[in-house]
Amino acid sequence: MDIYTSLAIPILIATLWLFTAHLSRTSAPPFTNKRICLLIAHPDDEAMFFSPALLALTRPHTGNHVKILCLSNGDADGLGKVREKELVASAAILGLRSREDVLVLDSPEFRDGMDTRWDGGKIVEVLKEAFGGQASKQRDPDGDAPTATIDVLVTFDRYGVSGHPNHIALYHGARAWLDGLMKGKEGWRCPVELHTLTSTSILRKYISFLDAPMTMLFGFLGGLKASRRRDGVGGRRQALFVSDVGQWRQAQKAMTTAHQSQMRWFRWGWITFGRYMVVNDLKRQIIV
């Protein structure tokens with residue numbers, strides 16, 4: 001390999017990344033003037049997994065109001081109160097408006113741990129209390145439309161990205177809440193869109209910005225496939241967020257500056273090579 005080829009390859013890769021980030025940033029926002037809640041399991045989930053989406057959705061011109069609901073304070077190591085404050089600081093770096101837009105629970109029902117299984121029914125109760133929605137006991141297609149105090153709920157998918165059981169429980173709890181909200185409401189559209197973060201293979205998880213063009217291609221092909229289906233659901237089925245260099249550094253800052261208690265050696269690898277620090281692709285889940 002000659003010197004020109006050696007120089008051309010990294011330049012091409014960087015150009016593809018920045019071009020993908022530019023397309024993501026300048027295309028029509030997937031959500032505008034929406035009340036959006038990010039549902040996470042632990043303080044630092046918002047930075048390590050969802051920072052590209054948060055940085056895009058909180059941009060002032062979108063008109064969105066974004067909140068974070070975190071079901072545990074990550075007290076596995078006795079640092080729960082510290083981590084609550086770290087989450088608030090991280091949220092500010094990632095664009096949230098105020099401290100009041102961050103809610104962290106400290107409940108025995110939701111203890112942090114790889115061996116802890118969260119009850120989906122308890123998650124439903126939390127979401128009902130936070131955002132409303134009461135399941136009907138009988139079919140009532142001609143009754144009132146289902147309502148909630150948010151428009152969009154974002155969380156992990158059924159695989160939880162890292163396979164963490166607390167992440168996975170959020171997906172099942174969110175779906176159960178919305179299924180209950182729509183019970184007896186046939187003919188109405190669900191008032192809350194559920195969008196989940198797509199889990200990837202181990203290889204793709206650690207190739208950072210190299211995954212951006214690949215994700216865009218997969219999203220385009222998936223969009224073509226979805227357009228051929230007739231499921232009666234309007235709006236986008238997928239949303240792609242790709243951070244540029246500045247946004248990537250901002251996401252890293254949310255970890256290194258705000259979440260200092262969590263910056264062990266392996267997390268330096270994650271914030272350097274993890275694709276979720278640069279790329280988020282959200283898939284809309286169909287609730288009927």
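How much space lies in the second largest pocket? The close-up views below, all taken from a predicted model, begin with that pocket.

**View A. The second largest pocket and the residues closest to its centre.** About 510 Å³ of space lies in this pocket. Its lining comprises 22 residues, of which Met48, Ser162, His164, Phe266 and Arg267 are the closest to the centre.

**View B. Helices and residue classes in the lining of the second largest pocket.** Helices α2 (45-48), α6 (160-163) and α11 (265-273) each contribute at least two lining residues. The largest share, three residues, belongs to α11. By class, the lining of this pocket consists of eight nonpolar, six polar and eight charged residues.

**View C. The largest cavity and its nonpolar lining.** The model contains one cavity of 30 Å³ or more. The volume of the largest cavity is about 50 Å³. Ile36, Leu38, Phe50, Ala53, Leu54, Leu57, Val66 and Val154 form its lining. Two elements, β1 (35-40) and α3 (51-57), each give two or more residues to this lining, and α3 gives the most, with three. The lining holds eight nonpolar residues, with no polar and no charged residues among them.

**View D. A nonpolar surface patch that includes Ile202.** Ile202 belongs to helix α8 (residues 202-205). Ile202 is classed as exposed because its relative accessible area is 59%, above the 50% cut-off for that class.

Technical notes:
Residues numbered from 1 in each chain as written. Predicted model: local features only at pLDDT ≥ 70, side-chain atom pairs only at ≥ 80, totals over all residues. Heavy atoms only, no water. Patch = residues over 30% accessible without salt bridge, like charges linked within 9 Å, V, L, I, M, F, W, Y side chains within 5 Å. Areas by Shrake-Rupley, 256 points an atom, 1.4 Å probe, with all protein chains shown as cover. Salt bridge = Lys/Arg side-chain N within 4 Å of Asp/Glu carboxyl O. Helix = DSSP H or I, 4+ residues; strand = E, 2+ residues; numbered from the N terminus. Buried < 20%, exposed > 50% of the residue type's maximum accessible area, 1.4 Å probe, protein only. 1 Å grid on protein atoms, 1.4 Å probe; cavity = no way out; pocket = protein on both sides within 12 Å on 5 of 7 lines; lining within 4 Å. Points joined across faces, edges and corners; volume = space filled by probe spheres on them. Nonpolar A, V, L, I, M, F, W, Y, C, P; charged D, E, K, R; others polar.
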